[in-house]
Amino acid sequence: TLFIYPGNGAGTFDSPIMAGTGWNHLEELTGGDFNSDGKSDIAARAKSDGTLFIYPGNGASTFNSPVSAGSGWNIMRDIFSADLNGDGNTDITGVQAPQGTTGNMYLYPGTGQNTFATRHTLGTGW
């Protein structure tokens, strides 16, 4: 079950809202506005095959049907989202390395359309 904890603007959170069930087949959840509609979305990786899905937020504390943002994300140990290149689109960073080892960090620039441009290396030793 996925719960949303809405911020109250005072540094704490209001009561949780249940956003749905069936999220246990996913991992590495991260938030952002991946489709540039002004609503918060969730990116999550499928445990089974490493497909990255974008769950578009609908503004009512639930999500619309997922959109595939590509496969092969199971090579990433950690996934994080933010607008790291300052273009107004939510980007994804990923560390490519097994747990317990260091690896390369990559930036996948967001397109604002639930997809990502060609990755760029941000550094090594992560």
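This is a predicted model: local features need pLDDT of at least 70, side-chain atom pairs count only at pLDDT 80 or more; totals for chains, interfaces and linings use all residues.
A residue is termed buried when its relative accessible area is under 20%.

Five aromatic pairs were found in a search of the whole structure. W23 and Y55 form a tilted pair, with 4.7 Å between the ring centres and 45° between the planes. This pair links distant parts of the chain, since W23 lies in the loop between strand 2 (17–20) and strand 3 (26–32), whereas Y55 belongs to strand 5, 32 residues apart. W23 also pairs with F63 in an edge-to-face arrangement, at 5.9 Å centre to centre and 75° between the planes. F63 is located in the loop between strand 5 and strand 6 (67–68), so this pair ties together parts that are 40 residues apart in sequence. Elsewhere, ring pairs join F34, W73, Y108 and F116 into a cluster.

The largest nonpolar core consists of twelve residues, including F34, W73, M76, I92, Y106, Y108 and F116. At least two residues of this core come from each of strand 5 (52–55), strand 7 (76–82) and strand 9 (104–108). A separate core of nine residues includes L2, A19, W23 and L26.

Within the largest core, Y106 touches M76 and I92, among others. The charged end of R119 sits over the ring of Y106, 3.7 Å from its centre.

V95, in strand 8 (residues 91–96), counts as buried because its relative accessibility is 5%. Its contacts beyond four places in sequence include I75, M76, G103 and W126. The C-alpha atoms of V95 and W126 are 6.8 Å apart, although 31 residues separate the two in sequence.

Technical notes: Residues are numbered from 1 along each chain as its sequence is written. Side-chain values use heavy atoms; hydrogens and water are left out. A nonpolar core is a set of buried Ala, Val, Leu, Ile, Met, Phe, Trp, Tyr and Cys residues joined through side-chain atoms within 4.5 Å. Buried means under 20% relative accessible area, exposed over 50%, partly exposed in between (1.4 Å probe, protein chains only). Helices (H or I, at least four residues) and strands (E, at least two) are DSSP runs, numbered from the N terminus. Contact means heavy atoms within 4.5 Å. Rings of Phe, Tyr and Trp (its six-membered ring) pair if their centres lie within 6.5 Å; planes under 30 degrees apart count as stacked, over 60 as edge-to-face and the rest as tilted. A charge sits over a ring if NZ of Lys or CZ of Arg is within 6 Å of the ring centre and within 35 degrees of the ring normal.
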